[in-house]
Amino acid sequence: MKALILNLLFLLIAANEAKVYSRGELASHLKQNGMDGYYDFSLGDWICMAYYESGYNSRAVGSSNSNGSRDYGIFQINSRWWCNNYQGPTANGCNKPCSAFTNDDIIDDITCAKRIVRDPNGMNAWVAWKKNCKGTNLSRWTSGC
């Protein structure tokens, strides 16, 4: 019960202080950090994925997944595979606590996303990308940025 209350408090605090990027602002930041063309994925892929995963909210925390894991930050990085939320088993592939992905500095989120996309699943690791972005015309995501 105490853990549940602490999680709810954490979510409320994170939601109240969230940095929500504009599409252009995020595109510029990702481009500056080498995401355009990274592992053959365009800037449009990343912008589209981030929109459907978090709405460009740097402090987004998803609800509990069916396996008990959660997703964190602008790219919704999963606690079962990529970060440690200290609430269940984790591979912690990015060697970070999940809380590192729920602040306004998204450099560590970018570094972890680069690590994720190097895996055999590539961007298919993100269900929202696979469902909403994969195989579509992505030019609208970077138009005007």
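Tyr 39 lies in the loop between H2 and H3, where helices (H or I, at least four residues) and strands (E, at least two) are DSSP runs, numbered from the N terminus. Tyr 39 is not a glycine, yet its phi is positive, about 50°. Its relative accessible area is 46%, so Tyr 39 is partly exposed; buried means under 20% relative accessible area, exposed over 50%, and partly exposed in between (1.4 Å probe, protein chains only). The model is predicted: local features need pLDDT of at least 70, side-chain atom pairs count only at pLDDT 80 or more, and totals for chains, interfaces and linings use all residues. Residues are numbered from 1 along each chain as its sequence is written, and side-chain values use heavy atoms, with hydrogens and water left out.

Tyr 86 is another residue other than glycine with a positive phi, near 60°. Tyr 86 is found in the loop between S2 and H4 and is exposed, with a relative accessible area of 64%. Most residues other than glycine have a negative phi. Just after H2, Gly 34 also has a positive phi, of about 75°.

**Overall layout**

The chain has 6 helices and 2 strands, in the order α-α-α-β-β-α-α-α along the sequence. Of its 145 residues, 44% count as buried. Among contacts in the chain with a separation of 6 or more, 54% are between residues 24 or more positions apart; a contact means heavy atoms within 4.5 Å.

Which residues of helix H2 (residues 23-32) are buried? They are Leu 26, Ala 27 and Leu 30. These residues lie on the same side of H2, because they cover an arc of only 100° around the axis; the arc is that of the directions from the helix axis to the C-beta atoms. An α-helix has 3.6 residues a turn, so residues three or four places apart point the same way. Helix H3 (43-54) and helix H4 (107-117) are included in what covers the buried residues of H2.

Ile 47 is in helix H3 and is buried, with a relative accessible area of 0%. Leaving aside residues up to four places away in sequence, Ile 47 touches Arg 23, Leu 26, Ala 27, Leu 30, Tyr 56 and Trp 141. Ile 47 and Cys 133 are 86 residues apart in sequence, and their C-alpha atoms are 9.5 Å apart in space.

**Salt bridges**

The whole structure holds 3 salt bridges. A salt bridge is a side-chain nitrogen of Lys or Arg within 4 Å of a carboxyl oxygen of Asp or Glu.

| Glu 25 | Lys 19 | 2.7 Å |

Asp 104 lies in the loop between strand S2 (77-78) and H4 and Arg 59 in the loop between H3 and strand S1 (71-72), so the pair ties together parts that are 45 residues apart in sequence.

In the pair of Glu 25 and Lys 19, Glu 25 is partly exposed at 35% relative accessibility, and Lys 19 is partly exposed with a relative accessible area of 26%.

**The largest pocket**

The largest pocket holds about 350 Å³ of space. Of the 15 residues that line the largest pocket, Asn 78, Trp 81, Ala 125, Trp 126 and Val 127 are the closest to its centre. S2 and helix H5 (127-132) are the elements that give two or more residues to this lining. A pocket is defined on a 1 Å grid over the protein atoms alone, as an open set of points where a 1.4 Å probe fits, with protein on both sides within 12 Å along at least five of seven lines; lining residues have an atom within 4 Å of a point. Grid points are joined across faces, edges and corners, and the volume is the space filled by probe spheres set on the points.

The lining divides into 7 nonpolar, 4 polar and 4 charged residues. Here Ala, Val, Leu, Ile, Met, Phe, Trp, Tyr, Cys and Pro count as nonpolar, Asp, Glu, Lys and Arg as charged, and the others, Gly among them, as polar.
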